[in-house]
Amino acid sequence: GPGQAEMYAGLQELGVANGEDLKETLTNCTEPLKAIEQFQTENGVLLPSLQYALPFLDLHGTPRLEFHQSVFDELREKLLERVSAIALEGKVEERYKKLEDLLEKSFSLVKMPSIQPVVMCVMKHLPKVGPLHCGVMCVPGVTWCVSGVTSLVCLWQVGSAPSAPSASVVQCQGLTEDSLHSSQVVQKLTQMIGKNVKLYDMVLQFLRTLFLRTRNVHYCTLRAELLMSLHDLEISEICTVDPCHKFTWCLDACIREKFVDNKRARELQGFLDGVKKGQEQVLGDLSMILCDPFAINTLALSTIRHLQDLVGQDTLPRESPDLLLLLRMLSLGQGAWDMIDSQVFKEPKMEAELITRFLPLLMSFVVDDHTFTVDQKLPSEEKGPIPYPSTIPEAFTKFLQENRIACEIGLYYILHITKQRNKNAFLRLLPALVETFSDLAFSDIFLHLLTGNLTLLSDEFALEEFCTSLFDGFFLTACSRKENVHRHVLRLLLHLHHKVAPAKLESLQKALEPTKQSGEAVKELYNQLSEKLELHKPSPAEVTETPSMELPLPTVPTPASR
C-alpha cells in the first residue's frame with residue numbers, strides 16, 4: 001500500500017535493498033528459504049560476532065525485527081547527537097560543508113518516517129537550504145510536525161511560488177494550533193527566525209492566514225508576543241523594519257500595567273495618526289495586535305476606569321479624547337478579522353450612539369451605585385431603606401445584542417462589578433447576558449474571567465435568590481447547546497459546592513447531568529463533582545460554619561470605583 005511505499009521511500013536511490021526488492025526476489029526464485037538467507041546476509045548488520053549472537057536471541061524468542069529496530073533506534077540517536085555536535089565544532093565553512101554533504105546523502109530519505117528526524121535535524125543547523133530540497137519539502141508526505149518549525153524555513157524559501165503560503169498553511173497549523181498558549185512556540189519561532197527578515201515576514205503571513213482560517217484570536221497573541229520576544233533579544237534587524245514595533249512595545253507596557261495611562265495614550269494615538277497614505281496595510285497588523293485578548297482586556301478595563309473618572313468630573317464621554325482613543329483601538333481590534341479578510345485597510349467607523357447613548361448608560365449604573373451607598377449610610381428616619389434599582393434599561397440589553405464594542409465593554413463592566421463584590425449590580429445586569437452579540441457572554445475568555453471573579457462572591461451562593469439568578473437565569477440557559485458553558489459551570493461548582501445550599505445543589509446536580517452527546521471532559525468533570533458531593537454531605541448548619549477561603553465580604557456593597 002502507499003504507507004509501505006513511504007516506509008521505503010528513497011532507499012533505492014541509495015542502492016539499499018528494500019521490501020519491494022525482497023518481494024521481487026521471492027517471486028522469481030525456486031528456493032525461497034535460500035533466497036531469504038542470502039538477502040539477510042547481504043543486507044544485515046555486518047559484524048562477525050553477530051553470527052553467534054543472533055541464534056542466541058532466537059532461542060529467547062526475540063524477533064529479528066525487534067533486534068534490528070533497537071539497533072536502528074540506537075544508531076539514529078547517536079547520529080542526531082553527532083549532527084548537533086558537528087554544528088558547533090571547527091570552522092564555520094567546514095562544519096557547514098560537512099552538514100551539506102550529509103544532507104545531500106540523506107535527503108532522498110526525507111519521506112521515510114524513521115529517517116526524517118535526521119534530515120530535519122541537519123536542515124535545522126544549516127543557515128540556508130538549497131531550492132531543490134525546499135521544492136521536495138512542499139510535496140505531500142512529509143510529516144511537518146516532526147520537524148517543528150523547520151518546515152517554515154522550507155516553505156519560506158519556496159515562498160516565491162504564489163501557492164506556497166495557502167497550500168502549506170494546514171501543515172503549519174500542526175505547529176501552533178495545539179500550543180498557542182505556550183511560550184515554547186514563541187521561543188521556537190524566535191530561534192528559527194534569527195535575524196532573517198524574509199522569514200519573519202513569512203511567519204507573519206502564516207499567522208494572518210491561520211487567524212483567517214480559524215478565527216482563533218490566540219494567533220493575534222502569538223503575533224504580538226513574537227515581536228516582543230525579538231524586541232527583548234534586541235534583534236534590531238527585524239524590530240526596526242516592523243512598522244508595528246513601537247506601537248506593540250508601548251501597548252505591551254500598558255498590558256503589563258493593566259492600564260493605558262494618559263502619556264501612553266498620546267503615544268499610541270501618535271502611531272495611529274501617523275499611518276501615511278499608501279501604507280494603510282499596516283492597519284491590518286495593528287488591528288491583529290489590538291485583537292489579542294490581553295490587549296482587549298486592558299483597553300476595556302481602562303475604558304471603565306475612565307468612565308468612573310468622568311462621573312466624578314461631571315464630564316460627558318464625547319468630551320474625553322483619551323476615552324475616544326480607547327474606543328478607537330477597541331474598534332480596530334474587533335475589526336481585525338474583517339479587515340484581513342476583505343483586505344480593505346481603513347479604520348472602522350465609530351457609531352455615534354456608542355458614545356452618546358451606551359457609555360452614558362454605563363455611567364448611570366456607576367451613579368446608581370454611589371447613590372445607593374450614600375443612602376445606606378444616611379440615618380433612616382421614617383422612610384424605609386431604599387431598594388437597589390432592579391430594572392435595566394431596554395437600550396442596554398439591545399446594545400449588548402447588536403453592537404460588538406458595546407457588548408465587549410458591557411461584559412468587562414460586569415467583570416469589574418463582580419470583582420468589586422458588588423452583588424446588587426451584578427444581579428441587576430445579569431439578565432442582559434443571556435443574549436449577547438455573537439454569544440460573547442458564553443465565550444471561553446469571558447466565562448473563564450467571570451467564574452474566577454465569582455469566587456469573590458462565594459458567600460452569596462448560600463442564598464436561593466442568587467443561585468437561581470446565576471444558574472437558572474444565566475448558565476443553564478446555554479448548557480445544553482454549548483458544551484463549553486457546561487464545563488465552566490461544573491468547574492465553578494467543583495470549587496464552590498460547599499457554599500451552595502444543599503437543596504439547590506441537588507437540583508443543579510440533576511440539571512447538569514451529562515447527556516449521550518456530552519464530550520469526555522464534561523463527563524469527567526461531572527464524575528469529579530459527584531464524588532466530591534458524595535464525600536461532603538453536611539447539614540445546613542455545617543455549611544455556614546465552613547471556613548471561607550476568601551476575604552470576608554464588606555457589610556455594605558462596595559461602590560463600583562477603583
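This is a predicted model: local features need pLDDT of at least 70, side-chain atom pairs count only at pLDDT 80 or more; totals for chains, interfaces and linings use all residues.

Student: What does Asp285 pair with?

Tutor: Its salt-bridge partner is Arg208, at 2.9 Å from N to O. Asp285 sits in helix α17 (residues 282–291) and Arg208 in helix α12 (residues 197–214), so the bridge ties together parts 77 residues apart in sequence. Helices here are DSSP runs of H or I, at least four residues, numbered from the N terminus.

Student: Are those two buried or exposed?

Tutor: Asp285 and Arg208 are both buried, meaning under 20% relative accessible area; exposed is over 50% and partly exposed in between, with a 1.4 Å probe and protein chains only.

Student: And what about Asp472, which Lys does it bridge to?

Tutor: That's Lys504, with the closest N and O atoms 2.7 Å apart. Asp472 is in helix α26 and Lys504 in helix α28 (residues 502–511), so this pair ties together parts 32 residues apart in sequence. Asp472 is partly exposed at 37% relative accessibility, whereas Lys504 is buried at 7%.

Student: Switching to rings: why is the Phe365 and Phe396 pair called edge-to-face?

Tutor: The structure has 12 aromatic pairs. In this one the ring centres are 5.0 Å apart and the planes at 85 degrees, so the pair is edge-to-face. The rule takes rings of Phe, Tyr and Trp (its six-membered ring) with centres within 6.5 Å; planes under 30 degrees apart are stacked, over 60 edge-to-face and the rest tilted. Phe365 is buried at 2% relative accessible area, and Phe396 is buried at 0%.

Student: Last one: which residues touch the most other members of the largest nonpolar core?

Tutor: Phe358, Leu454, Phe461, Phe471 and Phe475, out of 123 residues. Such a core is a set of buried Ala, Val, Leu, Ile, Met, Phe, Trp, Tyr and Cys residues joined through side-chain atoms within 4.5 Å. Apart from that core lies another, of 19 residues, including Val83 and Leu109.

Notes:
Residues are numbered from 1 along each chain as its sequence is written. Side-chain values use heavy atoms; hydrogens and water are left out. A salt bridge is a side-chain nitrogen of Lys or Arg within 4 Å of a carboxyl oxygen of Asp or Glu. Helices (H or I, at least four residues) and strands (E, at least two) are DSSP runs, numbered from the N terminus.
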